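Subject: Structure handover

Hello,

Here is the structure we spoke about, with the sequence. My notes on it follow below.

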Amino acid sequence: MQIVDYILNVLHGNLGLDPFYKVPVTTLIGKYLPRTLELVIPATILSVVIGLVTGAIAASNRNKPTDYFIRGVYLVTWASPPFFVATVLQLVVAYYLGLLPPTGTVNPLLPAPKDITPFPILNAMLTGDWSYFWSLVHHMVLPTISIALVSFGIVTRIARASMLDYMESDFARLSLMKGLSRRKVVYGVVLRNASIPIVTLVALLFGYSVAGAVVIEDVYDYHGMGYFITQAIENLDYTSVLGTTIVVGISIIIANLVADILYGILDPRVRVVE
Amino acid sequence: MSKLLLELKDLTIFYKTLIGWVKVVESVNLSVDKGEIVGVVGESGSGKSTLGNAIARLLPPNSKIQGDIMLDNVNLAKLKESQLQKYRGTSVFMIFQNPLNSLNPVKKVGPQLLEAAKVRYNREGKKVEEKELVEETLKVLKELRLPDPQSIMERYPHQLSGGQVQRVVIGMALLLKPKLLIADEPTSALDVTVQAQVVKLFRQLNEELGTSIIFITHDISLAYVLSNRIVVMYAGRIMEDGDVDEVLRKPLHPYTQGLVSSIPKGNKSQNRLNAIPGNPPSFFVLPGGCKFNPRCNKVMEVCKQKEPSLVEKEGRRVRCWLYE
Amino acid sequence: MLKAIRRDKGGLVGLVIVVAFLLWSLIQGTLEVLAGYLKKPSLGYTLLPHNPFALNFQYSLLPPSSRFPFGTNANGEDILSRILYAMPRDAFVAIVVVLSAIAIGAVLGIISGYFGGIVDEAIMRITDAFLSLPALILVIAITLPLKATYLGTILGLMVVWWPTYARFFRAQTLKVKNMDFISAAKLGNVSPVKLFYSYIFLNSIDPIIAYATLDFGNVILTYSTLAFLGIGISPPIPELGEMAADGLSGLPQAWWWSVFPGMTILIIVVGFVLLGDRLQDIVAGRIAY
């Protein structure tokens with residue numbers, strides 16, 4: 001009967017009490033989830049952009065060195081454990097080159113701006129606290145790029161395949177026949193069409209990115225959902241993990257909705273007839 | 001000024017397959033005069049579409065061509081992809097079989113037509129206002145008897161019927177005014193009534209702009225209605241080439257005879273269609289000698305041994321041992 | 001088939017990596033099991049350059065050298081030996097999870113496709129749910145009440161891994177269901193079990209092998225990521241992901257501690273992906289064999 005109670009509670013928006021901190025799980029998720037979303041949302045967009053561009057370049061240079069190079073790169077990043085990509089980036093960019101901070105969420109010496117929204121970066125912007133804002137951005141860059149790196153491969157793969165399909169299509173051939181330049185046909189006509197199936201990937205990609213973020217945050221000691229889950233695992237805190245799973249599920253449903261809306265905007269064939 | 005527009009010299013086309021390079025078109029020699037309409041007729045797999053695509057240089061990457069494609073003293077066969085652009089559109093234009101795939105599905109019809117008009121003005125070195133382009137495009141759509149041209153321009157391709165799209169594509173040709181138009185089975189996907197209207201538009205295009213047309217079809221009666229000349233292809237080779245009336249009245253090659261006798265005559269005394277028995281050969285296993293010999297009703301011993309060449313006969317060309 | 005793989009460099013590299021990994025896992029795994037059974041731990045590292053559990057603080061955090069090719073960790077343990085010792089456990093997870101996923105997926109997929117209706121609807125909604133949530137988070141949620149042990153993690157992976165295969169077998173069933181020879185077989189009084197075995201299962205073997213090869217890599221990737229988070233490990237037995245996590249404390253000076261275990265996973269997964277991709281090309285008829 002415990003499970004019935006739990007489900008009833010969940011339906012009322014109550015995910016239970018964290019046994020370790022003795023605070024509601026929703027409160028903790030409310031604190032950590034926005035920080036992870038600040039990484040995952042830009043990372044999802046970034047991986048779509050990287051994937052589309054590399055997919056298009058690979059397709060238009062089919063079976064040439066550029067194509068093999070791009071396929072090699074996405075093979076390696078795709079087959080990499082997320083923590084490995086993060087570790088290598090951290091070593092090279094943060095430790096050896098010293099370009100960005102290797103760990104942390106924000107400079108701990110800076111006072112946090114007022115909580116207007118759950119998102120620290122929005123709070124910093126709304127209060128005009130630009131030094132806090134830049135510190136956040138500095139700490140976000142490497143985790144975001146790491147997440148994008150482990151997930152862009154699937155976009156490249158699908159974009160490349162659908163570009164190759166569309167390049168043989170009659171409308172691409174007719175566009176060439178009209179006397180348009182090859183560049184215009186590939187990047188205007190074909191890429192525009194090939195980007196439509198990518199949109200359906202957005203929700204999947206978002207899920208990938210969330211899973212990647214959990215691990216990557218650990219490497220960068222960034223205090224988001226990854227930190228929260230790692231703590232929960234160490235304490236064998238089942239309530240928090242279950243609550244997290246439910247929240248991740250909900251956010252993926254939302255990502256699906258966003259993908260559907262984008263699809264409608266990009267493809268005139270599914271638009272409602274005025 | 002010579003009358004010759006296009007001359008194919010020993011044009012041979014290969015496809016790369018699992019077992020290596022396979023010849024699908026073998027040494028085609030063909031010339032097309034200015035203002036001429038040539039119907040290229042053959043069954044599916046005869047290499048007629050491949051030939052059309054080769055002239056437009058639109059073959060897929062797994063193909064290669066040998067020989068020359070001389071269009072107005074330019075050898076299209078020897079041009080690089082980047083050099084082809086300036087001949088596409090205004091020199092050669094091509095129309096495809098399936099109208100549902102011919103237009104970019106995510107762009108409105110109007111801009112797609114305007115692009116064509118812009119290409120021609122750019123080549124002519126003229127600067128024109130967007131407004132004039134729109135007016136010219138609307139005029140063309142009206143000529144094509146498309147209802148409410150204004151709203152057609154604002155629609156997406158999926159909101160038009162197959163016949164309407166095919167007319168829009170012919171509209172592009174009217175805007176580009178190409179010297180040579182290659183039409184690859186442009187009416188096969190259309191209803192018979194729409195087919196007749198579209199065929200009429202091709203004739204109009206030919207008469208008004210003097211555009212030469214290579215009309216590729218499997219339907220010899222359709223070729224008869226439109227063309228001045230008929231070229232019959234089989235297994236990647238020209239089998240017969242001559243004036244449309246003569247070929248229809250007195251076909252020389254047994255294959256052409258088969259095609260002609262398969263046309264329904266409409267008189268009741270002959271209500272049986274004479275289809276040619278058998279199937280066209282696969283390019284992987286072409287028969288020795290004359291490629292048509294296994295299906296030919298006048299086959300002789302020599303047909304199985306040696307392939308005949310294309311010879312002049314009664315002002316036409318024919319590839320058959322009966323005439324050598 | 002082997003000939004077609006050999007002609008392609010990528011496929012060949014994949015084949016070599018996969019064979020080396022599986023062969024090593026078989027030999028080393030047998031030794032480890034024997035060592036435990038005979039209570040003679042030294043048997044477990046006869047083939048390794050060093051004892052992977054030797055605490056030698058005098059050798060703490062040594063960089064890669066001819067003696068310790070991948071360096072040592074804070075305890076002075078040889079990282080290469082620990083990597084080699086950890087491999088059989090990854091191979092075992094991958095094989096058990098993929099095989100069970102094929103079995104569960106085949107049963108549920110065929111039931112779903114054959115009966116249709118509510119059964120089909122229910123099974124497909126479950127696969128939808130599983131496929132849209134990240135496997136990593138699902139497995140964490142399932143294994144945590146099982147105390148996140150090695151076997152509990154395998155169980156968790158088994159629970160979430162079958163949906164892709166169920167989809168595949170459902171599609172295959174639908175394709176075969178409407179073919180004439182199935183009706184003919186029905187008229188001929190062939191038992192339905194035999195029917196499915198011979199027409200659906202045997203027809204599916206080639207594409208399944210190709211996909212499963214790729215999937216071995218996915219399982220290893222997910223398992224090592226779980227191990228990185230501290231799930232499915234049994235200390236002191238080393239695990240690749242766990243070693244990479246431990247190694248973070250040595251950054252940036254002792255980079256080898258975290259980087260080499262991570263790179264090992266990468267190479268193994270690349271091997272499976274290269275080989276699997278190649279097999280898929282061959283099965284799809286994109287390449288002659």
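Strand 1 (residues 4-17) and strand 4 (residues 63-71) of chain B are paired antiparallel over eight bridges. Strands here are DSSP runs of type E with at least two residues, helices are runs of H or I with at least four, and both are numbered from the N terminus; two strands count as paired if DSSP finds at least two bridges between them. Lys9(B) has Asp68(B) in strand 4 as its bridge partner, and Leu6(B) stands opposite Leu71(B) of that strand.

A word on the source: this is a predicted model, in which local features need pLDDT of at least 70 and side-chain atom pairs count only at pLDDT 80 or more, while totals for chains, interfaces and linings use all residues. Residues are numbered from 1 along each chain as its sequence is written, chains are lettered from A and ligands numbered from 1 in the order in which they are written, and side-chain values use heavy atoms, with hydrogens and water left out.

The sheet in chain B is open, with four antiparallel strands in the order 2-1-4-5. Strand 2 (20-33) and strand 5 (74-75) are at its edges with a single partner strand each, so one side of each has no neighbour in the sheet. Helix 1 (residues 48-55) of chain B packs on the sheet and touches strands 1, 2 and 4; its direction makes about 115 degrees with that of strand 1 (axes are lines fitted to C-alpha atoms, for helices over the stretch in contact, and angles run from 0 to 180 degrees between N-to-C directions).

Strands 4 and 5 of chain B pair antiparallel over two bridges, with Asn75(B) as the bridge partner of Met70(B). The two strands form a hairpin with two residues between them, and Asp72(B) in the turn has a positive phi of about 50 degrees.

Now the interface. Chain B puts 30 residues in contact (heavy atoms within 4.5 Å) with 21 residues of chain A. The two chains bury about 2300 Å² between them, 63% of it on carbon and sulfur atoms; buried area is the accessible area (1.4 Å probe) lost on being put together, summed over both parts. Phe96(B), Pro105(B) and Val106(B) supply 24% of the area that chain B buries against chain A, more than any other three residues.

Two salt bridges cross the interface (a side-chain nitrogen of Lys or Arg within 4 Å of a carboxyl oxygen of Asp or Glu). One pairs Glu115(B) with Lys178(A) at 2.8 Å, N to O.

Regards
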